[in-house]
Amino acid sequence: MINKLKLFGLALLSSAVMFSSCSDYLEVKLEDQLTIEKVFSKRASTLSYLAHIYSYLPYEAEYQGTNQTAEVWPGGDGAVVPMSDEALFSTYQWSTYLNFRTGDWGPTTPYFNIWRYQYTGIEQAGIFLEHVDECPDLSAEEKRQMKAEVRMLRAYSYFQLFRRYGPVYIWGDHRSNPVIKPDEVDRHTVDQNVDFMVSEIDKAIADLPLTLADTQTFAGRLTKGAAMAAKARILLYAASPLFNGCDLYKNVLKNRWGDYLFPQTADPEKWEKAAQAAKAVIDLGMYSLYTENTTDDPMTNAIQSYQGVQFNEWNCEIIWGYWPRYQNLYYNIACFNRHFAMPPLITKMGCGQYCPSLKLVDSYPMAATGRYPIDPVTDLGYDSNGMPVVDPKSGYADNGFESGWEHPIEGPKYGAVKAHKSCVGRDARFYASVFANGFKFINDFIAGGNTEVYFQTGGNSPLRAGDCVKVGYFWRRFIPTDIDYENGNWGTYFWFYYRLAEIYLDYAEACNEKPNRQAQEALDYVNKVRARVGLNTLQEAYPEYNFLSDQNALRQMIRKERMVELAFEGHRYYDARRWMIAEKEFTGPNWTLNLLATNYESSYSRTTKVWAGSDNLFQPKHYFFPINQIQLSEMKNITQNYGW
């Protein structure tokens, strides 16, 4: 079995894997190191090869996406966070995701082109499936489980391509057809892609274990639940408007065999399949929403419960997680992500770059009413000053200050501050995730103790030419307060591909959309997610809406709840695209607090003058990445995406 350090640390053969000439496109040859026969002649090298295949999993915990040569290093898939409307990171330098916010990208853009990287992983999986039975040191049961893992990993590589480029070329069990002529390669249809991925995952589900024999040693290896969760997400995407008969792709994009790449009509039954797949994960009964009840204060418990999903590694909510294996030239991932999210000047290495957008900050509900500041159904949005058009029943206040306010989890110990009223009375997830201008940054190891932090000009962590917070808020969710960052102790960093709250929201969405709509079931599972953080039900929060009969009202609530619950987990970018709302949501100016102000009180107005970059632009062609020119040069007859 595979040790967790090997699982995400080894890259056996990585320097020896290369593509051969165009006459056998996608064929991988091994050079300079072990031959195939030697690799599969021993248990240890076979296990290392399996670990190598795991290494093609996306780097979702790496937000910066600092790749310069995507063919060598595809960059962090977490960079979809700052590509979306849930974030506005504070740096302009080495931030290749900015091209994708402003629409300044195309087929020659090198960044985040994962095509060759994922197809290399697909080929490596094919080699493993062909040869693992040759290993004499593995039992039949071990081989069966390993093949199941690799089938799932191969399907997951296809899914990375599918959600970024749309339908792609399905190689299948390609060792039976090892020579691929580049002029014959073209993309298969959405339905063919989905059917292949699901069939591979179904085969994996049959042979994967429910649990790992030793969760400490083998943490991160696939289980039956992980494969089932992957199937549920794939089927949710397949049912969604972008992939299911949308007008944008009607009568366009035929492949060389005469098939339309995208379904020409919507199939509502795909929502039923998505609902069944998500419910199957739930019905395993193996996972539960993580909760902590260590105090007499419900708000404290709610905040700690939401934080604990990440801080309490491998907890009951995690379906599939991993130890991020990425190491920057200078920092491991714990240091890399945490120092980017801490306030400059207040801390030795704080950069203040990882910031939520004002839209995300405005999205968190009010604790008392359970209502979002902007009603998701009427969605009146923002006025000309960038201020939210507030639902008066929500209890949200967008002006004024409250003196003597205590942060609900830290205030009793560290004292009160003068807080802007927009930061008062919010959902527990707001306090677990968002650090606002004027809050105290809590870490007992900081020289001089804990201090109030001010981002406006002239403050103690001000707007300036160097590292600074440009939005007025930074993202604090993954920063524990009890680690000595000042002396280089960054702790461990845990991430998850799937957790139960996502599956609940997947299921709720599918139940609301499927032909035999189950609105009560959808409500029940959204409300389970809300209850974990102490919010009342949607029915209690919004008595004016009859969610049992009003499908659109429930749809908008589910979408808003996903934005809040799954914030900074890499979902929002793909959600807005699959719902086909990205043109509206991802286009417009970059609003921030007015950190040009020289006093705290004035800083809580809003402005577009702090952010020096271009406005955001999302056009219909941006729903999918173009096939890159590198691939177009190799596959001259492949069908390019719409608009490119």
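Trainee: Which residue caps the N-terminal end of α19?

Mentor: In this predicted model, D550 takes that place, with a side-chain oxygen lying 3.4 Å from the backbone nitrogen of N552.

Trainee: And how many residues does α19 have, and what does it reach from its first C-alpha to its last?

Mentor: Helix α19 runs over residues 551-565, which makes 15 residues, and its end-to-end reach of 21 Å is close to the 21 Å expected at 1.5 Å a residue.

Trainee: Why is α19 said to be largely enclosed by the rest of the structure?

Mentor: Because 13 of its 15 residues are buried, α19 is largely enclosed by the rest of the structure.

Trainee: Changing topic, where is V610 found, and is V610 buried or exposed?

Mentor: V610 sits in the loop between β12 (606-607) and α22 (629-634), and its relative accessibility is 8%, under the 20% limit, so V610 counts as buried.

Trainee: What does V610 touch, if residues up to four places away in sequence are not counted?

Mentor: With those left out, V610 touches Y92, L463, K470, T592, L593, L595 and L596; of these, L463 is 147 residues away from V610 along the chain, while their C-alpha atoms are separated by 8.6 Å.

Trainee: What about Q353, where is its place?

Mentor: Q353 belongs to the loop between α12 (333-340) and α13 (358-363), and with a relative accessible area of 7% Q353 is buried.

Trainee: Which residues is Q353 in contact with, leaving aside neighbours within four places in sequence?

Mentor: Q353 is then in contact with Q64, with the residues L88, F89, S90 and T91, and also with F340 and D467.

Technical notes. Residues numbered from 1 in each chain as written. Predicted model: local features only at pLDDT ≥ 70, side-chain atom pairs only at ≥ 80, totals over all residues. Heavy atoms only, no water. Helix = DSSP H or I, 4+ residues; strand = E, 2+ residues; numbered from the N terminus. Expected span 1.5 Å × (residues − 1). Buried < 20%, exposed > 50% of the residue type's maximum accessible area, 1.4 Å probe, protein only. Polar contact = N/O pair within 3.5 Å; in protein donor to acceptor, adjacent residues only side chain to side chain. Contact = heavy atoms within 4.5 Å.
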